[in-house]
Amino acid sequence: MRLAATAARWRRERRPAVVVELRVVRGSVPREAGTRMLVAADTVEGTIGGGHLELKAIERARALLRGEAVEPLWAVPLGPALGQCCGGHATLAFVPLSDCPPEAWPLPAPRFVLQLHGAGHVGRAIVRVLDGIPCRVQWVDEREDAFAGAELPPQVEAVPAAAAADELARAPAGACVLVMTHRHDLDLEIVHAALVRPDLGFVGLIGSRSKRERFLARLAARGHGAEALARLVCPVGLPGIAGKEPAVIAVAVVAQLLARG
C-alpha cells in the first residue's frame with residue numbers, strides 16, 4: 001500500500017521507473033504472486049524477496065529504462081538459472097510505471113482487520129510495526145489531539161471518537177480488537193462492548209495478570225459468562241517475547257495477530 005503511494009507520487013513527478021511484478025509463482029519462491037517493486041535509475045522501492053532473483057530483475061528493469069530491448073515477461077527457474085536454493089519457478093513482468101497506474105493494482109488480501117483503541121506510546125508503536133503489513137486498521141481515540149504528529153500508513157484510518165466503545169459497532173465480523181487507552185475505566189467500557197459481540201475474532205487488553213483478574217471480576221458483575229470471559233486475552237503479545245518497551249510490546253502483539261493465521 002505504501003508502495004502504491006510512492007508509485008502515484010513518481011507518476012505525478014513523471015519519474016521514469018519500471019514496475020516489476022511477480023506474476024506467477026510455483027514451488028518455493030521468496031515472495032507471493034502479486035508482489036511488486038519499483039525500479040528507477042538511482043533507487044529501488046519495495047522488494048520481490050531479495051537475493052539473486054531481485055538483483056537480476058533490477059538489472060533487467062534498468063536495461064529497459066535505458067531503452068534496451070527487454071522481454072516484458074521473464075520466466076525463470078530459480079535453482080538452475082540463478083543458483084538459488086529455494087528451487088521454485090517465477091514469472092516476472094516488467095512494465096513502465098507510465099503504463100501501470102497504481103490505482104489499478106489489486107489490493108492484497110488483508111492478513112487481519114484490527115480496531116486499535118489507544119494512541120499512546122504502544123498504540124503508536126503498533127501502527128509503526130504495521131506499516132508494510134497488508135491489513136485494515138481503525139485506530140480509535142477519544143482525545144482531541146491523540147493523533148497529532150502521527151504518520152499513518154495507508155491501511156490505517158484514524159478515528160477521533162466521542163465515545164470509543166460505540167466504535168465497536170463499526171468493527172466487521174471476525175475483526176481483532178486491541179484495547180490500550182489512557183484510562184482503565186475506558187478500557188473496561190471498550191472490552192465490555194467487545195465481549196458483547198461473539199463474532200469478533202480476538203479481544204486483547206494490554207496489562208498485567210492482576211489487571212486481567214480485576215477486569216474479569218468487573219466484567220462478570222456486568223453479566224458476562226465464563227465463555228465470554230475466556231475470550232479476553234490479557235496480557236497481550238506472543239508468549240516468549242519479553243520486554244516492556246513500547247517497540248518490543250508492539251512486535252509481540254503484531255506477531256500474535258499474525259500467528260492467528
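Select Leu-168 and show what surrounds it. Leaving aside neighbours within four places in sequence, Leu-168 is in contact (heavy atoms within 4.5 Å) with Gln-115, His-117, Val-177, Ile-190, Ala-193, Ala-194, Arg-197 and Leu-200. This is a predicted model, in which local features need pLDDT of at least 70 and side-chain atom pairs count only at pLDDT 80 or more, while totals for chains, interfaces and linings use all residues. Residues are numbered from 1 along each chain as its sequence is written, and side-chain values use heavy atoms, with hydrogens and water left out.

Next, select Arg-197, one of those contacts of Leu-168. Arg-197 sits in the loop between α5 (184-195) and β10 (202-205); helices (H or I, at least four residues) and strands (E, at least two) are DSSP runs, numbered from the N terminus. Is Arg-197 buried or exposed? Its relative accessibility is 16%, so Arg-197 counts as buried (under 20% relative accessible area; exposed is over 50%, partly exposed in between; 1.4 Å probe, protein chains only). Again leaving aside neighbours within four places in sequence, Arg-197 is in contact with Leu-168, Ala-169, Ala-171, Pro-172, Ala-173 and Arg-231.

Move to helix α6 (residues 209-221), which has 13 residues and reaches 19 Å from its first C-alpha to its last. That is close to the expected 18 Å, where the expected span is 1.5 Å times one less than the number of residues. Which residues of α6 are buried? They are Lys-211, Phe-215, Leu-216 and Leu-219. The face turned away from them carries the exposed residues Arg-209 and Ala-221.

Finally, show the strands. An open sheet of 6 strands runs β8-β7-β6-β9-β10-β11, with parallel pairing (two strands pair if DSSP finds at least two bridges between them). The edge strands, each pairing on one side only, are β8 (156-160) and β11 (232-233).
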